[in-house]
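Biologist: Can you walk me through this chain? I'd like the overall picture, then a few local details.

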Amino acid sequence: MSDSVTQTPSQPEIPELLPILPINNAVLFPGMFLPLAVSGDTWVRLVDDAALATKLVGVFRRAQPGDTFDPLTLARTGTVAQIVRMLRLPNGGVQILLQGQARIQLQQLVMTEPYPQARVAVQHDPAVPSVETAGLARAALMAFQQIVQLSPTLPDELAIVAANTSQPGMLADLIAANLNLKPDDQQAVLDTIDVQERLRLVLSFLEREREIVSIGQKAQEELSRSQREYVLRQQLEAIRRELGETDERAAETAELRRRLEAANLPEEPRKEAERELERLERMPPGAAEYSLVRTYLDWLLDLPWHVSTEDNLDLAQARQVLDEDHYDLERIKERIIEYLAVRKLRQEQAGDAGARGPILCFVGPPGVGKTSLGQSIARALARKFVRVALGGVRDEAEIRGHRRTYIGALPGRIIQGLSRAGSNNPVVMLDEIDKLSVGFQGDPAAALLEVLDPEQNAAFVDRYLDVPFDLSRVLFICTANRADTIPPALLDRMELLELAGYTELEKLEISRRYLIPRQRIEQGVADRGPTITEEALRRLIREYTHEAGVRDLERRIGALYRKMATRLAEGQELPERIDAGDLDELLGPPRFRSETLLGEDEVGVATGLAWTPAGGDVLFVEASVVPGSGQLILTGQLGDVMKESARAALTYARSRAAALDIPTDVAQTSDIHLHVPAGAVPKDGPSAGITLASALISALTQRPAFKHVAMTGEITLRGKVLPIGGVKEKLLAAQRAGVRTVLLPRANAPDLREVPEETLKQLEIVLVEHMDEVLPRVLHADTAQPLAATT
């Protein structure tokens with residue numbers, strides 16, 4: 001940094017030709033002093049010759065430091081300097097003191113030997129400043145005086161020198177020389193010839209420096225206050241010890257240490273807890289980290305590291321509990337009994353109480369009892385139950401926990417659930433695992449891989465705790481509406497158990513055993529509520545609900561008993577029972593009718609069966625032949641697979657035109673429109689092929705299709721019927737809709753073993769392998785009207 005000006009010297013006459021002295025990492029302003037050590041034969045000779053002549057040299061900052069002279073590296077603007085003092089050094093160099101005289105700009109390099117000399121142009125500031133220049137100078141002076149007052153490194157005399165500087169340009173140079181600026185910033189000030197622009201540039205540097213100095217002063221004051229508080233706190237503790245008073249903080253840390261000794265933590269968590277407790281004891285209560293460390297220790301000590309509940313291994317009692325809570329579901333119940341049997345045998349043979357449990361995943365539509373089944377399993381095992389809702393979770397930290405560096409950090413949902421349960425072997429239900437989302441915070445499904453992997457979860461590390469916790473004794477149960485949206489790596493770790501839905505008979509039994517008693521209690525008519533007859537329940541199931549589960553059915557039963565509760569509250573008498581005929585008055589007109597749903601047989605309308613996340617459903621495929629140019633029009637938001645099935649069905653129909661009595665010119669003179677209501681719902685899948693083909697051929701041959709005959713299966717170009725999935729769900733949907741006959745691919749015959757016997761009795765199941773077997777079952781033998789009338 002250049003020394004400040006003490007007085008304005010008389011400026012010597014500046015010759016047009018000057019020796020050029022390049023300097024590194026420094027900028028000399030007019031009126032400022034700069035001490036400089038010069039070495040090297042070239043530059044020492046330059047100084048010697050200048051000292052014997054005019055004592056003037058041209059000083060330019062070199063952008064790239066080096067020993068060789070390169071005019072391209074010199075700054076655009078330099079300073080003509082006078083050699084005020086010169087001292088020879090023992091190593092052959094010289095020590096000089098330079099005083100800047102005026103700004104100069106390089107015009108022409110005349111010679112480089114024995115040292116550089118160049119023609120220069122002197123740049124003078126205006127003698128009389130303008131009003132605007134004077135205002136800028138006054139603002140710069142006030143800002144500089146504030147910085148001198150705040151800064152511990154700038155002497156107070158600088159403010160006096162700046163106040164006595166009359167020329168605005170020289171004031172800008174003085175400030176730039178004494179501020180803590182980088183050489184590039186100082187060179188920018190030197191390059192600015194216009195005084196007003198120079199002052200504006202210096203004002204911007206002053207504002208930045210004022211903010212830096214202000215922040216530094218606040219930090220110093222805060223540090224001094226913290227040090228003072230620490231000393232006073234130490235004195236206060238010494239006084240309390242002398243008076244025999246107990247410190248609240250000491251009592252708090254003593255309680256934490258007692259809990260640590262009683263918790264009997266494993267080695268690694270114990271070492272971490274002791275380390276954090278020692279930090280807490282040395283930390284003042286007012287410190288920012290005090291509450292964070294205390295909260296961490298509370299989480300660590302509250303976890304059930306060695307606390308577990310004893311499993312109920314009485315198979316008969318466990319089966320009784322499962323039967324009390326759920327009707328049917330024999331396959332699920334049998335799987336739980338198998339798990340208990342294995343646990344019992346392992347414990348008897350080897351005393352192994354920590355056998356790994358299965359990771360079950362209940363897949364089925366809403367309302368079939370997936371969540372309540374998990375609660376029943378926990379009750380049968382005499383374990384605690386924890387439900388973790390995963391629907392919509394998009395942050396990986398929800399599973400693995402947040403790092404303690406974040407404000408408001410907490411453990412993940414798994415560790416939080418175990419802390420609430422108070423045991424290390426609860427039944428943990430991961431609800432709606434198929435609805436996990438992926439966000440910019442990470443993939444929670446990937447985090448669950450470690451949780452659900454029996455080979456890894458024995459040492460699960462939550463990021464908040466940062467110590468391993470054993471999850472191998474936890475019985476994980478997952479629920480999902482559909483399995484295809486679960487990531488494959490996650491699905492590989494689970495055992496799928498499907499709950500397709502309930503038949504009418506099963507819904508009757510569930511209503512009698514569970515829904516009606518629960519709704520009588522919830523609506524306040526437990527002792528005085530009327531009974532619902534079997535005919536009323538059947539009509540309620542058929543005409544007021546249309547679902548795979550029993551959730552809507554329970555809402556309807558609740559609505560009936562709310563009507564009874566209203567009458568009871570008004571002092572009216574209640575009937576002894578609710579009959580089927582009373583439903584119209586209590587619940588309004590029926591919402592669904594099987595006859596209305598299916599309707600009359602029509603040309604070009606076929607009944608299909610579909611699988612949805614809410615269970616099976618019935619859909620209708622409509623086909624129409626209109627005059628046109630042979631186009632195939634597809635509507636109803638069909639997916640790519642269904643579009644390909646429609647094209648395959650049309651190709652099959654055209655290839656069999658003669659056998660099916662289809663006019664040969666229909667493909668050239670007519671457009672074929674295929675539509676699948678409802679148009680707002682996207683549809684896709686590989687099981688609508690024979691339905692599309694049946695509707696298409698019905699429209700082309702003008703033969704009506706039977707509405708009470710439903711079908712499902714894929715079609716090939718040769719007319720073969722290929723197998724499909726979701727057979728149980730589709731047959732239950734057909735039963736609910738009042739379908740009489742269902743056509744299935746013959747390859748799906750083994751799937752009928754999963755279908756309830758009641759459903760198989762009510763439906764006529766026809767197994768087919770080719771469209772030649774399908775069409776006689778679906779289409780009427782007689783033509784409704786000639787195709788010419790339609791086209």
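This is a predicted model: local features need pLDDT of at least 70, side-chain atom pairs count only at pLDDT 80 or more; totals for chains, interfaces and linings use all residues.

Biologist: How many helices and strands are in the chain?

Modeller: The chain has 28 helices and 26 strands. These are DSSP runs, helices being H or I with at least four residues and strands E with at least two, numbered from the N terminus.

Biologist: Compact globule or more spread out?

Modeller: More spread out, because the radius of gyration is 45 Å, well over the 28 Å that the globule rule gives for 791 residues. That radius is taken over C-alpha atoms, and the rule is 2.2 Å times the number of residues to the power 0.38. Along the principal axes, the C-alpha atoms fill a box of roughly 125 × 95 × 65 Å.

Biologist: What share of the residues is buried?

Modeller: 47% of the 791 residues. Buried means under 20% relative accessible area, exposed over 50%, partly exposed in between (1.4 Å probe, protein chains only).

Biologist: Switching to strands. How do S3 and S4 pair?

Modeller: Antiparallel, over four bridges, with S3 at residues 56-62 and S4 at 77-88. Strands count as paired if DSSP finds at least two bridges between them. Gly 58 has Val 80 in S4 as its bridge partner.

Biologist: And what joins S4 to S5?

Modeller: 11 bridges, with the two strands running antiparallel; S5 covers residues 94-111. Leu 87 stands opposite Gln 95 in S5. S4 and S5 form a hairpin with five residues between them, and Gly 92 in the turn has a positive phi of about 100°.

Biologist: Which way do the side chains point along S8?

Modeller: They alternate along residues 385-389. S8 pairs with S9 in the parallel sense over five bridges, and Val 386 stands opposite Val 428 in S9.

Biologist: Which residues touch the most other members of the largest nonpolar core?

Modeller: Leu 430, Ile 433 and Leu 452, out of 51 residues. Helix H9 (residues 290-302) gives the most to this core, seven residues. Apart from it lies another core of 50 residues, including Val 57 and Leu 98. A nonpolar core here is a set of buried Ala, Val, Leu, Ile, Met, Phe, Trp, Tyr and Cys residues joined through side-chain atoms within 4.5 Å.

Biologist: Now Asn 425. Where is it found?

Modeller: In the loop between helix H14 (413-421) and strand S9 (427-431). Asn 425 is buried, with a relative accessible area of 2%.

Biologist: What does its side chain reach?

Modeller: The backbone oxygen of Thr 309, at 2.9 Å. Leaving aside neighbours within four places in sequence, Asn 425 also has contacts (heavy atoms within 4.5 Å) that include Asp 311, Arg 383 and Arg 473.

Biologist: And Thr 545, buried or exposed?

Modeller: Buried, with a relative accessible area of 3%. Thr 545 lies in the loop between helix H18 (534-543) and helix H19 (551-569). Its side chain reaches the backbone oxygen of Ile 541 at 2.8 Å.

Note on methods
Residues are numbered from 1 along each chain as its sequence is written. Side-chain values use heavy atoms; hydrogens and water are left out. A polar contact is a pair of N or O atoms within 3.5 Å; within protein, one must be able to donate a hydrogen and the other to accept it, and residues adjacent in sequence count only if both atoms are side-chain atoms.
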